[in-house]
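Subject: Structure handover

Hello,

Please find the structure we discussed below. My notes on what was found in it follow directly after.

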Amino acid sequence: MTAALARPIHLRYAAPSELAAAPLHSSVRLSLDSTRGPVGVRGTLRDAALFRDAMAALATILESDLRYKGRDRAAYLAYLMKQGKKATAAIWEAQKAFLESAFADDAASARKGDGSPAKASGALDPVLTVHPDEVSIEVFSRDESAYARLAFSSDLFEGREAAHGTAFVDLSPRIVEQIDRLRVYTKVELDAGASRAAGTTGAGARGAGGASIERSLEVPATWLRGFLQVQSAATLPAVSCELAPIDLYNALFVLRTRKAKKPPRGLRFELVPGKPPRLILEPWEILLEGHGPPYEGPPRVVRTFGRQRLLALSRLLPHVRSARAELRGPGLPVFWVLDLGRATLTVALTGWTDSSWASAASFDALMPREGGARAALDAVAGRQLALLRERGPLPLAALAAGGSAEDARAALQLECLRGRVLYDVARRVYRPRELFPEPVDEREIRFSSPREAAAHRLLGAPGAVRPTKVHEIAGEGTEIHGQVADREAHRDFSPRFTMDLEGRVSDAWCSCPTFRRSGLREGPCEHMIALRVAYARERAEKDALRQTAEGRSLIRAETRTYVRREASGAEVVYRVSLDDRVVHLSWAPRGGEPRHQRIWFDTDGEARDAYFKRLDALTSSGFVDADASSA
């Protein structure tokens, strides 16, 4: 099934959000979508400075867009026209692009001839949910790379009045600018839709904001898919480590004062049991010693990406009491949880600046599989949703009582994709949250494009998609070759591509007519996407199998990298490779000239035994597996 192009959404606000300021009193009035029924919260803020800075950080994440923007040559081309140069196609295209960008907002707000609002394509407005114990606002960045959830505890409000529920909130740049200039030394009252929820009408409800606002949006399926999949990813098990506020400050200071001009641009976590986490910023290999509590868990090194978006948290540094990083599987978002006292900010950062085909493999595991077990999964999901609506926020253990924890997690993951359940990473509980009046059909957002749907059709045929060669290119990445048997085309195709050190795909090629006709100008073909997903699945299966004796017996060739941090701060890198009957060892300080050793054995079984004994010896001597959970 192909993905829907867009989801139509109609929003109606009684008045624009505004800030009413007096010499000794200020009132922040946030307008909520009136089509969702009585929802709202009202009260006097006990810490107005925290509210102001948290809202500013949230707005920064909402408006962030790190996608590449081509250089604007409109002024230069206009100069050429004045000089009498010929009006080429480039000049007309530049003029067209300039006019479209200049009048996009006017076109979006224009009305049709019948008086109804014109439909504009864009992202959803922020989502405000009033819970019994807190008020949360969720946003998703323009480039689909960052998700944030800001939760204000009920303790922040004095004289709190609330009507529970979910609605969209008008958080325009105008109200954000007003909140940024909020005078926090005066009494500040927050009214988020509470007047309408209480049934107040007239000037008391509308204030001085002016006429009502109605907008019809065509929300792209890719944006909605990313928004829901990030929340679904939050339900997966994670490796968690605690950082002190000074650790976050040190990392942000390095990012503000340096600019990486070449890859890799990762942020590595060195997690050693009994010691505070260490942070290493690439490519400078700057080591930041942690000052938080000791890490508890298996030793590992985790590489994450998307670190530049952490600069949006700078505004909150004076309020941070502690920071927690939750690291999930390869390619999945990294969740940062900031404890701000009476508020909590949860930020999910991905390693890409749009939902490109490189991310298709990462989120493939989040989508529910089709089959006979689907009906049973729907039944479990229905029971859990009813329990959450009845009892409120609950942890996984309470929801899985009397059943399998994995089945419960899968069912809740499905409800997250439907927009009816939210996983609160900060509190580690599930909450009911109705994104839309009707649940999202997860089949509509399963694939981001018709070609991705065709790729999964190919993956559905057993043995149709096979990675044939995988080459590790030192300092560049991984080159992957594959064979795809397309039964509808009655032909075999041979796609290949290279993944760099940051997980991005480059140097792609395929023997299919689509690639031969247009290359990558129309995007990747279905055979490339299928190979990317098949490689990710095969790697995940091998990682799971190698933990068992049966799985280890099937391994004939692989390479693992182990690292150890010395007391001086220097890092020793040890690489062990198994290639049939040969074990290859190389070791050196990071950046230094490695030493090599090759050991030949009479049989592949003897080589395999020696290989795993060497890995166990490295682990017992304090080395950490750097390949176990690279994100």
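A residue is called buried here at under 20% relative accessible area, exposed at over 50%, and partly exposed in between (1.4 Å probe, protein chains only). At 29% relative accessibility, W509 is therefore partly exposed, while F515, at 15%, is buried.

Some ground rules come next. This is a predicted model, in which local features need pLDDT of at least 70 and side-chain atom pairs count only at pLDDT 80 or more, whereas totals for chains, interfaces and linings use all residues. Residues are numbered from 1 along each chain as its sequence is written, and side-chain values use heavy atoms, with hydrogens and water left out.

Confidence

pLDDT is the predictor's confidence in each residue, from 0 to 100. Its mean over the chain is 83, and 83% of the residues reach 70 or more. Residues 105–119 have pLDDT below 50, and this stretch makes 17 contacts in the model beyond near neighbours in sequence; a contact means heavy atoms within 4.5 Å. For residues 201–209 the pLDDT also stays under 50, with 14 contacts beyond four places in sequence.

Helices (H or I, at least four residues) and strands (E, at least two) are DSSP runs, numbered from the N terminus. Two strands count as paired if DSSP finds at least two bridges between them.

Strand β7 (residues 134–140) is mostly covered, with seven of its seven residues buried. In a regular strand the side chains alternate between the two faces of the sheet. In β7, E134, S136, E138 and F140 point one way and V135, I137 and V139 the other, and all are buried.

On one side of the pairing list is strand β6 (residues 127–130), which pairs with β7 in the antiparallel sense over four bridges. T129 stands opposite S136 in β7, and a hairpin of three residues joins β6 to β7. β7 also pairs with strand β8 (residues 146–153), again antiparallel, over seven bridges. There I137 has L150 in β8 as its bridge partner. The hairpin of β7 and β8 has five residues between the strands, and E144 in this hairpin takes a positive phi near 60°.

β8 in turn is joined to β20 by seven bridges, and the two run antiparallel. A148 stands opposite V347 in β20. Strand β20 (residues 343–349) has seven of its seven residues buried, so it is largely enclosed by the rest of the structure. Both of its faces are covered: A343, L345, V347 and L349 on one side and T344, T346 and A348 on the other are all buried. Strand β19 (residues 334–339) pairs with β20 in the antiparallel sense over six bridges, and L338 has L345 in β20 as its bridge partner. Three residues lie between the strands in the hairpin of β19 and β20, where G341 takes a positive phi near 85°.

Helix α5

The buried residues of helix α5 (residues 173–180) are I175, V176, Q178 and I179. Seen down the axis of α5, they fall within an arc of 160°, so they line one face of the helix; the arc is that of the directions from the helix axis to the C-beta atoms. What covers these buried residues includes β2 (18–22), β3 (25–30) and α1 (48–63).

The five-stranded sheet

An open sheet of five strands has the order β31-β30-β29-β28-β32, with antiparallel pairing. β31 (595–600) and β32 stand at the edges with a single partner strand each, so one side of each is left without a neighbour in the sheet. β29 and strand β30 (residues 582–589) pair over eight bridges in the antiparallel sense, and the bridge partner of Y574 in β30 is W587.

Aromatic rings

Rings of Phe, Tyr and Trp (its six-membered ring) pair if their centres lie within 6.5 Å; planes under 30 degrees apart count as stacked, over 60 as edge-to-face and the rest as tilted. By this rule there are 13 aromatic pairs. One of them is W509 with F515, edge-to-face at 6.4 Å centre to centre and 70° between the planes. The rings of Y574 and F623 have centres 5.9 Å apart and planes at 80°, so this pair is edge-to-face. It links distant parts of the chain, with Y574 in strand β29 (residues 571–579) and F623 in the loop between α17 (604–620) and β32 (624–625), 49 residues apart. Both Y574 and F623 are buried. Ring pairs also link F140, Y147, W223 and F227 into a cluster.

Regards
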